[in-house]
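Subject: Structure for your files, with notes

Hello,

Here is the structure I said I would pass on. Please open it alongside this message and keep both at hand as you read.

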Amino acid sequence: MVVAIPSRGRAGRTKSDALIPSATLFVPEVEVESYRDATKATVVGVPISVRGITATRNWILEHIDDPRVVFIDDDVQRAGWWEAYADRHELRELSEEQWLREWEVLFGIAESSKYRVWGLSTTDGPIYHHPHRPFLFRT
């Protein structure tokens, strides 16, 4: 599994590489050195001819040998889920190791359901939490 963080113009200001240090940053090839100076994460250059986030994500998918790719934004500061109780909500943050295990499980669920793509909500707040709808499949 590859955790891919596309980024551009944010060397030294990314957050996700601290949250998931084993992730790989994919940046325009002209920015590789500035990113390498600013992070301990692996940095891969994307050709300058690849422009825009959609084209960048497609380039990453075409150049990764692993069929399991998790894309995360470069500005994720925390990651977890909300546990709902009758009187309150509590955020449960996960370590990198826990997230990697969760993503492997989600890939297993998707693959066993004949899906090739899955996603998670990127909103941060209990008002967006719907415990009666943990999965939403759209075809």
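The notes below go from the whole chain to single residues.

Two remarks on the source come before the findings. This is a predicted model, in which local features need pLDDT of at least 70 and side-chain atom pairs count only at pLDDT 80 or more, while totals for chains, interfaces and linings use all residues. Residues are numbered from 1 along each chain as its sequence is written, and side-chain values use heavy atoms, with hydrogens and water left out.

Overall layout

The protein has 4 helices and 6 strands. Helices (H or I, at least four residues) and strands (E, at least two) are DSSP runs, numbered from the N terminus. In sequence order they give the pattern β-α-β-α-β-α-β-β-β-α. Of the 139 residues, 30% are buried; here buried means under 20% relative accessible area, exposed over 50%, and partly exposed in between, with a 1.4 Å probe and protein chains only. The protein exposes about 9,500 Å², and carbon and sulfur atoms supply 51% of that area. Accessible areas come from the Shrake-Rupley method with a 1.4 Å probe, and for residues only the protein chains shown count as cover. Among contacts with a separation of 6 or more, 47% are between residues 24 or more positions apart; a contact means heavy atoms within 4.5 Å.

Helix 3

Helix 3 spans residues 53–63, and its buried residues are T56, W59 and I60. Viewed down the helix axis, these buried residues fall within an arc of 100°, so they line one face of helix 3. The arc is taken from the directions from the helix axis to the C-beta atoms. On the face turned away from the buried side are the exposed residues T54 and E62. The buried residues pack against strand 1 (2–6), strand 2 (24–28), strand 3 (42–46) and strand 4 (69–71).

Strands 5 and 6

Strand 5 (residues 80–84) and strand 6 (residues 89–93) run antiparallel and are joined by 5 bridges. Two strands count as paired if DSSP finds at least two bridges between them. A hairpin of 4 residues connects strand 5 to strand 6. Within this pairing, E83 stands opposite E90 in strand 6.

The charged end of R88 sits over the ring of Y85, 4.3 Å from the ring centre. The criterion is NZ of Lys or CZ of Arg within 6 Å of the ring centre and within 35 degrees of the ring normal.

Single residues

V32 lies in helix 2 (residues 32–38) and is buried, with a relative accessible area of 9%. Apart from residues up to four places away in sequence, V32 touches V27, V43, V44 and G45. V32 and A11 are 21 residues apart along the chain, and their C-alpha atoms are separated by 8.9 Å.

V69 is in strand 4 and is also buried, at 13% relative accessible area. Leaving aside neighbours within four places in sequence, V69 is in contact with V2, A4, L61, I64 and F107. V69 and V3 are 66 residues apart in sequence, yet 5.9 Å apart in space, C-alpha to C-alpha.

G9 is in the loop between strand 1 and helix 1 (16–19). With 43% relative accessibility, G9 counts as partly exposed. Not counting residues up to four places away in sequence, G9 touches E31 and Y35.

K114 lies in the segment after helix 4 (96–112) and is exposed, with a relative accessible area of 74%. Phi of K114 is near 70°, a positive value in a residue other than glycine. Most residues other than glycine have a negative phi.

Regards
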